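Visitor: I have a protein model open and would like to learn how to read it. Could you take me through it step by step?

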Amino acid sequence: MNTLRFWIFSAALASFMSTAHADVVVVVNPQSPLVSMSPEQVSAVFLGKSMTLPTGSGVLLVDQPESSTLYEAFYANIAGKSPSQVKAIWARLIFSGRALPPKALANSAEVKKFVASHPQAIGYIEKSVLDPSVKVVLKID
C-alpha cells in the first residue's frame with residue numbers, strides 16, 4: 001500500500017511541477033492594438049487595480065479555474081499573491097461595487113477560444129496551446 005501511495009503522490013507532484021513551471025503567456029485578441037504589456041500592467045489588470053488596458057480601452061478579464069495550478073503559478077509569478085489573497089482582493093472589489101471579477105473558464109483552450117472571439121478580452125494560457133488565434137503581450141517563464 002505504501003508503494004501505491006508513493007506512486008500516486010509522485011504522479012500528482014510531477015503533474016503539478018510541469019504545470020507550475022510551464023511557460024505561461026498573457027494573450028489578447030489579434031485585433032487589439034496592444035503589442036506588449038509589462039508584468040506590472042498585467043498585475044494591475046488582473047488584480048482589479050486598472051479597469052482598462054494600456055490602450056485606454058475597456059477590458060474583459062478571463063481567468064483559469066481557481067483550483068488549477070496554472071492559476072496559482074500565474075498569480076504567484078505576476079503579483080506575488082496566493083489564491084486566497086487574490087480571492088480576498090476580488091471579494092473586496094466586488095463588495096464595494098468597484099469591479100466585476102474575471103470570467104473563469106475551464107482550461108487554457110477555453111480561455112484562448114474566448115479571447116480569440118472577444119476584442120477586449122485578455123487572459124493567460126499555457127504556451128503549449130498558443131496559436132495565431134490570439135496575440136501574446138507578455139511571456140512569463
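Visitor: In what sense do S1 and S4 pair, and over how many bridges?

Guide: Strands of a sheet pair through backbone hydrogen bonds, either parallel or antiparallel. In this predicted model, S1 and S4 pair in the antiparallel sense, over five bridges. To find one of them on your screen, look at Val 28, whose bridge partner in S4 is Ile 122.

Visitor: And in what sense do S2 and S4 pair?

Guide: S2 and S4 are parallel, with two bridges. Ile 122 turns up again here, as the bridge partner of Leu 61 in S4.

Visitor: What is the order of the strands in the sheet?

Guide: The order is S3-S2-S4-S1-S5, in an open sheet of five strands with mixed pairing. Strand S3 (103–104) and strand S5 (135–140) are the edge strands, and each pairs on one side only. For S5, that pairing is with strand S1 (residues 24–28), antiparallel over five bridges.

Visitor: Why is S4 described as largely enclosed by the rest of the structure?

Guide: Burial is the thing to check: a residue counts as buried when its relative accessible area is under 20%. Five of the six residues of S4 are buried, so the strand is largely enclosed by the rest of the structure. Across the protein, buried residues make up 38% of the 141 residues.

Visitor: How do I read burial along a helix such as H5?

Guide: An α-helix has 3.6 residues a turn, so residues three or four places apart point the same way. In H5, the buried residues are Ser 108, Val 111, Lys 112, Phe 114 and Val 115. Looking down the axis of H5, you find them within an arc of 165 degrees, so they line one face of the helix. They pack against S1, S2, helix H3 (69–79), S3 and S4. While you are there, look at the start of H5: a side-chain oxygen of Asn 107 comes within 3.1 Å of the backbone nitrogen of Ala 109.

Visitor: Which residues of H2 are buried?

Guide: Val 42, Ser 43, Ala 44, Val 45 and Phe 46 are the buried residues of H2. Their packing partners are S1, S2, H3, helix H4 (83–96), S4 and S5. Take Ser 43 as an example: it counts as buried because its relative accessibility is 11%. Leaving aside residues up to four places away in sequence, Ser 43 touches Ile 78 and Ala 79. Just after H2, Gly 48 has a positive phi of about 75 degrees.

Visitor: How do I read a pair of aromatic rings?

Guide: A pair of aromatic rings is described by the distance of the centres and the angle of the planes. The count here comes to seven aromatic pairs. In one of them, the ring centres of Phe 46 and Phe 74 are 5.1 Å apart and the planes lie at 75 degrees, so the pair is edge-to-face. This pair links distant parts of the chain, with Phe 46 in helix H2 and Phe 74 in helix H3, 28 residues apart. Phe 46 counts as buried at 0% relative accessibility, and Phe 74 is buried too, with a relative accessible area of 1%.

Visitor: What kind of pair do Tyr 71 and Tyr 75 form?

Guide: Tyr 71 and Tyr 75 form a tilted pair, with 4.8 Å centre to centre and 55 degrees between the planes. Because they are four residues apart in helix H3, about one helical turn separates them. Both Tyr 71 and Tyr 75 are buried.

Visitor: Which residues do ring pairs link into a cluster?

Guide: The cluster consists of Phe 46, Tyr 71, Phe 74, Tyr 75 and Tyr 124, linked by ring pairs.

Definitions and conventions
Residues are numbered from 1 along each chain as its sequence is written. This is a predicted model: local features need pLDDT of at least 70, side-chain atom pairs count only at pLDDT 80 or more; totals for chains, interfaces and linings use all residues. Side-chain values use heavy atoms; hydrogens and water are left out. Two strands pair if DSSP finds at least two bridges between them. Buried means under 20% relative accessible area, exposed over 50%, partly exposed in between (1.4 Å probe, protein chains only). Contact means heavy atoms within 4.5 Å. The arc is that of the directions from the helix axis to the C-beta atoms. A polar contact is a pair of N or O atoms within 3.5 Å; within protein, one must be able to donate a hydrogen and the other to accept it, and residues adjacent in sequence count only if both atoms are side-chain atoms. Rings of Phe, Tyr and Trp (its six-membered ring) pair if their centres lie within 6.5 Å; planes under 30 degrees apart count as stacked, over 60 as edge-to-face and the rest as tilted.
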